[in-house]
Amino acid sequence: MRTAAETRTHRQKEIRRHLLLYAGMTPFLFIAVFPIYWMAITAFKHESDLYRMDNIPFWFNLPPTLKNFEILFYQTNYGHWIVNTLTISAWVALITLLTAVPAGYALARLRLPGAENIGIAIFMTYLVPGIILFLPLSRVVASLGLQDSWWALVVVYPTFTIPFCTWLMMGFFKTVPMEVEEAARVDGCGQLSALIRVVLPVSLPGVLTSVIFAFTLSMQDFLYGLAFVAPGDQKPVPVGVPTELIRGDVFFWGSLMAAALLVGLPVAILYNFFLDKFIQGITGGAGK
Amino acid sequence: MTVSLGGGSESTTRAAAQPVSWRSSIAARWRTNTSRRLAFGYMLLAPAVLYVLLLVGIPFLFSLYLALSDANVGDPVARFVGFENFRAAMEMDTFWDALRNSIVFLVVAAVFKSLLGTSLAFLLLQNFSGKKVVRALVVIPFTLPISVSVLSWKWMYDSQFSVINWGLHRVGLIGPYGSESWPIWLGQPQLALLACIGVNVWRSFPFGAIVLLAGFTSVPTEVLDAARVDGCTFFQRFRHVVAPMIFPILIIGFLFDTVFTLSDLSVVYLLTQGGPGSATQILPVLAYQIGIQAGALGRGAAIALVLVPLLFPALFLMLRNLKRRDW
């Protein structure tokens, strides 16, 4: 048994260790979070509060305002961009789901000859840089007659969501015990109905993860949106904000930061919840 | 794919038509089950493979063709011009600036990302209260859409109202606005490149830390304990036990980052457009400006393709790493 003195020194040690760790962590936290803080505080500041060097810029010198958000929604296409972004991502998620889930299942479970190589080949296409593909893809988009609408992005985004989610689903399906499926087959299910009735419900967390990633990966894109969608009301948020809210040399920082904050935070939070799955996905489940 | 589909149904009918000996009926049933399974498998695989083939495979080949043609935005007829685009690109000074900057960018950023990422990973490896919150906060940079976070940086780098400079001035490291020691982050050539690299590092080092952390936690504690019992010091344990075990994961994280750093255009495009002059010009931005903005598709494709040999070692390593994995 510990004596009281021993417990005390143990506690002191723990406290010292914690203090050291927090001290080490502080610069990292500051670097990581400050730009977001700066974005948030700018979004609620009056225009005149932004350009005063004599004040401390880290807090409000004039009372906070919602004016920047008003400008955003009433005087720009921001509303359109949000709707576009959500619709594009929903379509991309649907297409990804319908292609990547079956493909992941086939590669993980059906002992297809060459499954390993096909799996790797599909995954490697995720790493082909968009900057190499975007010129030929612009031809594809043009020949489909989609160059002036966000539908172009619905066609193009699955080029990176399908490889990623196929890889992710492969990992998930491998963790479902074979017996579950065999039991269903013994009970008289066909291959397809065993997949739909038994395997899919068990893999629902994996399917959900794929949907989230199709969604968030679509919102990370800048290049394709910049290259393929010209009309102001057709853009997704990550492209509309930097290209339409800046007029020549004039930056309306308040509204810009409000726009960035409104789309950035939900994506960051959503992504964060599924971060571990993301890491598992790219390291091939090694980080389990 | 169609071949095995046909094969599947054919053997099904054959098996049904011939009630033969016990031994061959087993063989027939096995064949039927196998071919049915294969047909089913390829059917499930087909949509994904077709999508990737049509919109990644063929476009990739087409970009090779574009690079060898004089394709233009306004002119649909492209003639084969051989290596003319590559030759013309090499005669541009900007091209060499872009190539040099891309490599400098990649290397300098990688050094800082490794240092920051490793230290952060070691910190996150410890147990302390509030760890979950800390982790959620430090990964914010790479979960935000990149174009959006670059905007925030552009405002922090503002030539006059830069909050970074305000801080530096208050601490006494630089003079007041307008003085010589007041840095104009995006306006002075070397500072501008540094500023762009800074954003890339800020965005990616938490990713490195998280990948490294995943590696660390995948090392079984029994193995570490065994090494400790055998009298290994911390560094020996790290060198001989941990490092070899996490190497595959490290390679993957490192290569992922290399591919994205080399091919990302949003940081430079939004911060400086490659300027001042061509001080921050990099290959992806140049390819975009020439291929889309100036309309010279062939030239743009040629410049983008210069990335391929740069990426090739990374992709090759990754491929080898993936193939060696247990399946």
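**Close-up views of chains A and B**

**Figure 1. The salt bridge between the chains.** In this predicted model, the interface of chain B and chain A holds 1 salt bridge by the rule used. Its partners are the side chains of Asp276(A) and Arg135(B), with 3.1 Å from N to O. Side chains of opposite charge can pair when their charged atoms come close. Between chain B and chain A, 13 residue pairs are in polar contact, counting pairs with both residues at pLDDT 80 or more. Helix H2 of chain B (residues 22-67) supplies the largest share of the side of chain B that touches chain A, namely 20 residues. Sorted by class, that side of chain B has 72 nonpolar, 17 polar and 10 charged residues.

**Figure 2. The interface of chain B and chain A as a whole.** The contact involves 101 residues of chain A and 99 residues of chain B. The size of an interface is often given as the accessible area lost when the parts come together. For chain B and chain A the buried area is about 9100 Å², and 79% of it lies on carbon and sulfur atoms.

**Figure 3. Helix H1 of chain A against helix H5 of chain B.** Two packed helices are described by the angle between their axes and the distance between the axes. Here H1(A), residues 4-43, packs with H5(B), residues 131-138, at an angle of about 40°, and their axes are 8 Å apart. This angle makes H1(A) oblique to H5(B). From H1(A), the residues in the contact are Met25(A), Phe28(A), Leu29(A), Ala32(A) and Val33(A); from H5(B), they are Val134(B), Leu137(B) and Val138(B). By class, the contact of H1(A) with H5(B) has 8 nonpolar residues, no polar and no charged ones.

**Figure 4. A salt bridge within helix H1 of chain A.** The side chains of Arg17(A) and Glu14(A) form a salt bridge, at 3.2 Å from N to O. These two residues are separated by about one helical turn, because they lie 3 residues apart in helix H1 of chain A. Over all chains, the rule counts 10 salt bridges.

**Figure 5. Two backbone details in loops.** Most residues other than glycine have a negative phi, and most peptide bonds are trans. The peptide bond from Gly275(B) to Pro276(B) is cis, with omega near -5°. Pro276(B) sits in the loop between helix H12 (266-271) and helix H13 (283-293) of chain B. Arg111(A), a residue other than glycine, has a positive phi, near 45°. The loop that holds Arg111(A) runs between helix H4 (78-109) and helix H5 (115-125) of chain A.

Notes:
Residues are numbered from 1 along each chain as its sequence is written. Chains are lettered from A and ligands numbered from 1 in the order in which they are written. This is a predicted model: local features need pLDDT of at least 70, side-chain atom pairs count only at pLDDT 80 or more; totals for chains, interfaces and linings use all residues. Side-chain values use heavy atoms; hydrogens and water are left out. Contact means heavy atoms within 4.5 Å. Buried area is the accessible area (1.4 Å probe) that two parts lose on being put together, summed over both. A salt bridge is a side-chain nitrogen of Lys or Arg within 4 Å of a carboxyl oxygen of Asp or Glu. A polar contact is a pair of N or O atoms within 3.5 Å; within protein, one must be able to donate a hydrogen and the other to accept it, and residues adjacent in sequence count only if both atoms are side-chain atoms. Helices (H or I, at least four residues) and strands (E, at least two) are DSSP runs, numbered from the N terminus. Ala, Val, Leu, Ile, Met, Phe, Trp, Tyr, Cys and Pro count as nonpolar, Asp, Glu, Lys and Arg as charged, and the others, Gly among them, as polar. Axes are lines fitted to C-alpha atoms, for helices over the stretch in contact, and angles run from 0 to 180 degrees between N-to-C directions. Angles under 35 degrees count as roughly parallel, over 145 as roughly antiparallel, 65 to 115 as roughly perpendicular and the rest as oblique.
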